[in-house]
Amino acid sequence: MSPEWLLADGRPFVDGLVLSHPEQRERLLRVCPEAEKAAVLAGDPCFDRMLAARPYRERFRRALGVRRGQRLIVLNSTWNPEGLFGNGGEQDVLPSLLPRIAAELPADDYRLAAVLHPNIWYGHGPGQIRMWLDRARRSGLALIDPVRAWRQALLAADVVLGDFGAVSYYAAALGIPVLLAAAGEDRLDPEAPLAAFVRDAPRLDPHAPLRDQLVELLARHRPLAGPAEYTTSAPGASAELLRRHFYTLLDLPRPATPALLEPLPLPPHDPPRRTNPLDVRTQVRGTDVMIERSTGHPYDAAGETHRAVHEDTRDPGDLATADVIWRDGPPDDPCLGGPDEWTAEILHRHPHCALAAYVSGPDRCTVRTRHLGVFRLSAGPGADADPAAYASALHAWLVRGGEVPPGGATLRVHAAGGVHPVVCTR
């Protein structure tokens, strides 16, 4: 809000300058009183759509493939050289942050998504954005539609890791924990509520362990009062207020029907697809298998390890050293020949591989071991983890001497802070 943005020849060039809160009108009076007569208090339709869609949070999480116990981390960046998706300068933490996120946050505990300002997509082009984020995407990062789906991703989030843009402020207004990776305080009006939020919000330490910071953020989170108060002074009423202004400008009577906003649609199903090799750490105690999978191996990690690789890995050499190879597909895929044929082909082609897993649904897979034959793994009551993790858990259990009796066995796979019973049958 400044004269160079609001005035032409000393007068406002708009018929209505929509403000969402009286605080904005007070600042407008201080910095550009000439534009005050065009100001219209009409709430925030974007925020109202999110408020209306809050009951569907679990649907939005399922659309992103977030499983029970997983935390959804949404990275967001505004369109600014000092934003999280910045210009690559000395203060740009993103290039080093992305690989660390995939390495330090276990794949079964965390789901990652990125919301980038539409101008980032427009300025660089979708191909360039996808190229820059290719490795992160192969580690499971979802790229969110910047126009049609970012609000739904925000509602689904457990943590927002972002900057001084509107998405972070909306997240805080919704009560979602926010960790700032780029503050950009010099870009903000120091009197604006957004600047106060940036000063008060927790900051990311790019040199400290990420997982510890996220755990601490979630444990200590208390919603900040400012964003919830200042985002809108008329929650749920923006459609009616805007329509009233529009019809006043048109000098027409308002319709008798209610003014309503379009509900947020359910985005297409977009589960994670991890084709980067995963380091798998396991601890086996009887039929209980503790498992953590990530694209890196923390130096202080406990337990035994093996390597699990998706067949579509970028580097074919990864398959030569994989202990477990898996892929996803329908059970009757004519190109792959189905689970039994594909698993036999994998073990024949890759002599180092001990177990091949064909994931044919969100709760089941078929595995073939080199010496024990074929097993079917299916989620038991209350289980909700990646079937590829079930396959790695079975591999670890068999290596430690586990045996599947003729009637089958049930493994208790520990992941994402819960226990997932997995039924293993021949």
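Trainee: How many bridges join β12 to β13, and do these strands run parallel or antiparallel?

Mentor: This is a predicted model, and what follows is read from it. Three bridges join β12 to β13, and the two strands run parallel.

Trainee: Which strand joins β13 through five bridges?

Mentor: That is β14, residues 355–361, and β13 and β14 run parallel. Here the pair to look at is Trp 326, which stands opposite Ala 357 in β14.

Trainee: How many of the five residues of β13 are buried?

Mentor: Four of the five are, so the strand, residues 324–328, is mostly covered, taking buried to mean under 20% relative accessible area.

Trainee: Now a helix. How many residues of α10 are buried?

Mentor: Seven of the eight residues in α10 (166–173) are buried, and the helix is mostly covered. Among them are Tyr 169, Tyr 170 and Ala 171.

Trainee: Which residue with a positive phi follows α10?

Mentor: Gly 175, with phi near 85°. The general idea is that most residues other than glycine have a negative phi.

Trainee: What is phi in Asp 251?

Mentor: Phi of Asp 251 is near 55°, a positive value in a residue other than glycine. Asp 251 lies in the loop between α14 (238–250) and β10 (278–285). With a relative accessible area of 69%, Asp 251 is exposed.

Trainee: And Ala 416: is that residue buried or exposed?

Mentor: Ala 416 is buried, with a relative accessible area of 13%. Phi of Ala 416 is near 55°, again positive in a residue other than glycine. Its place is the loop between β17 (409–415) and β18 (418–425).

Trainee: How should I read separation in sequence against distance in space? Take Pro 223 and Gly 175: how many residues apart are they, and how far in space?

Mentor: Pro 223 and Gly 175 are 48 residues apart in sequence, and their C-alpha atoms are 5.1 Å apart. Pro 223 is found in the loop between α12 (210–220) and α13 (225–230). With a relative accessible area of 54%, Pro 223 is exposed. For another pair, take Leu 41 and Pro 351, which are 310 residues apart in sequence and 69 Å apart, C-alpha to C-alpha.

Trainee: Which residues does Leu 41 touch?

Mentor: Not counting residues up to four places away in sequence, Leu 41 touches Leu 19, Ser 20, His 21, Pro 22, Arg 25 and Leu 241. Leu 41 is in strand β4, residues 39–41, and is partly exposed at 30% relative accessible area.

Trainee: What should I know about disulfides here, and how many are there?

Mentor: A disulfide is a covalent bond between the sulfur atoms of two cysteines. In this model the count comes to zero. For Cys 365, the closest cysteine sulfur is in Cys 424, 9.1 Å away, which is too far for a bond, since the cut-off is 2.5 Å. Cys 365 counts as buried because its relative accessibility is 3%. Cys 424 is also buried, with a relative accessible area of 1%.

Trainee: Last, the whole protein. How many helices and strands are there?

Mentor: The secondary structure comes to 17 helices and 18 strands. The C-alpha trace spans about 85 × 50 × 40 Å along its principal axes. Buried residues make up 51% of the 426 residues. The accessible surface comes to about 20,700 Å², and 53% of that belongs to carbon and sulfur atoms.

Trainee: What share of the contacts joins residues at least 24 apart?

Mentor: Among contacts between residues at least 6 apart in sequence, the share is 62%.

Trainee: And how far apart do the centres of the positive and negative side chains lie?

Mentor: They lie 4 Å apart, for 47 positive and 53 negative side chains.

Technical notes. Residues are numbered from 1 along each chain as its sequence is written. This is a predicted model: local features need pLDDT of at least 70, side-chain atom pairs count only at pLDDT 80 or more; totals for chains, interfaces and linings use all residues. Side-chain values use heavy atoms; hydrogens and water are left out. Buried means under 20% relative accessible area, exposed over 50%, partly exposed in between (1.4 Å probe, protein chains only). Contact means heavy atoms within 4.5 Å. Accessible areas come from the Shrake-Rupley method with a 1.4 Å probe; for residues, only the protein chains shown count as cover. Lys and Arg count as positive and Asp and Glu as negative; His and the chain ends are not counted. The place of a charge is taken as NZ of Lys, CZ of Arg, CG of Asp or CD of Glu. Two strands pair if DSSP finds at least two bridges between them.
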